[in-house]
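Open the model in your viewer and keep the selection panel at hand. The stops below say what to pick and what to look for.

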Amino acid sequence: MTAAAFVAKAKEIATGHKTTYMLGPWGWPCNQKMITRATTNGSNAQTNKQWLSYAYAIEDEGFIFDCVGLIKGILWGWSGDMSRTYGGAGYACNGLPDLDAGGMIKSCPDVSTDFSNIVPGEVVYMPGHIGIYVGDGVVSESTPKWNWGVQLSTCTNVSKTKVPGTVGQRTWTSHGRIPWVDYETAEETKEDEDDMVRYERLSDIPEGSDFRAIINDLMDAKIINGDGSDPDGNEDRIDLSHDMVRLLVFNYRAGVYEEAIKAAGKDPDQYK
């Protein structure tokens, strides 16, 4: 799988699907059969039982991942098919064995603690936990922290401030390129990131576009927080890349911020 396809799928799962966290699964449909399997079979069953309420909250509507299961599920062919046992994924296929988080980082030929050279599609690691770096200072990870499930977080090794649209911030200890992902174009992607169009302030987003109006609403709803340089308006410095603006707009139209938009007195359906 190319790094670009790997990243795209990791972002899609985080923003386009309901998910929950249990130890062991790699994108299992969150139905009664697989919930029972996760809480009765294997060494993690007792631990998973304490998280049943989160699973039942999305029963028959989403998928179950653990942290390394997010990586394995994508590389084993996960497609989001609720009718398939593993959501469309296989098991220990495509040359990737069933590894835990520690085994996954050990599989990388050149693990580094220098995050200045990280490229999209690399895995990021801390003892006991692993995620996927998707670029622009953002990681896709499955975790019981924050919103419980697969979500986007800020990699503080890359971005010292919380990236808008992410749920929280985390510092990782190392990163590396796993052997089952093709990073041939990843360096070009990093160069593209460096040359990417960025919007320093709201007024830099092209006037008249829904993008500017949606970002304006997200600022009013405090989904995006500026640097405080314009406390009476929305001209704080936000420094968003064009790709991040597109992701925020996608999330808005998918209803991710609906409650916050309503609380700010805005119509969440206005720009859908």
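Select D98 first. At 39% relative accessibility it is partly exposed. Here buried means under 20% relative accessible area, exposed over 50%, and partly exposed in between, with a 1.4 Å probe and protein chains only. This is a predicted model: local features need pLDDT of at least 70 and side-chain atom pairs pLDDT 80 or more, while totals for chains, interfaces and linings use all residues. Residues are numbered from 1 along each chain as its sequence is written, and side-chain values use heavy atoms, with hydrogens and water left out.

K72 lies in helix α5 (residues 67–75) and D98 in the loop between α5 and α6 (101–106), so the pair ties together parts 26 residues apart in sequence. K72 is buried, at 5% relative accessibility. A salt bridge here is a side-chain nitrogen of Lys or Arg within 4 Å of a carboxyl oxygen of Asp or Glu. Helices (H or I, at least four residues) and strands (E, at least two) are DSSP runs, numbered from the N terminus.

How many salt bridges are there by this rule? The count comes to 14.

Next, pick E61 and K18. Their closest N and O atoms are 2.8 Å apart, in a salt bridge. E61 sits in the loop between α4 (52–57) and β3 (62–65), and K18 in strand β1 (residues 18–21), 43 residues apart. E61 is partly exposed, at 47% relative accessible area. K18 is partly exposed too, at 45%.

Step to D60. It lies in the loop between α4 and β3. D60 is exposed, at 52% relative accessibility.

Now R198 and D136. They form a salt bridge with closest N and O atoms 3.5 Å apart. R198 lies in strand β10 (residues 198–199) and D136 in the loop between β5 (129–135) and β6 (138–143), so the pair ties together parts 62 residues apart in sequence. R198 is partly exposed, at 38% relative accessibility.

Show helix α2 (residues 32–40). M34, I35, A38 and T39 are buried there. They cover an arc of only 130° around the axis, which puts them on the same side of α2; the arc is that of the directions from the helix axis to the C-beta atoms. What covers them includes β2 (26–29), α3 (45–49), α4 and β3. Just after α2, G42 takes a positive phi of about 85°.

Jump to W148, in the loop between β6 and β7. Its phi is near 60°, positive in a residue other than glycine. W148 is buried, at 13% relative accessibility.

Last stop: the largest pocket, with about 1000 Å³ of space. A pocket is an open set of points on a 1 Å grid over the protein atoms alone, where a 1.4 Å probe fits, with protein on both sides within 12 Å along at least five of seven lines; lining residues have an atom within 4 Å of a point. The volume is the space filled by probe spheres set on the points, which are joined across faces, edges and corners. Of the 40 lining residues, L152, G165, T166, V167 and Y257 are closest to the centre. The largest share of the lining, 4 residues, comes from β7.

Conventions
Contact means heavy atoms within 4.5 Å.
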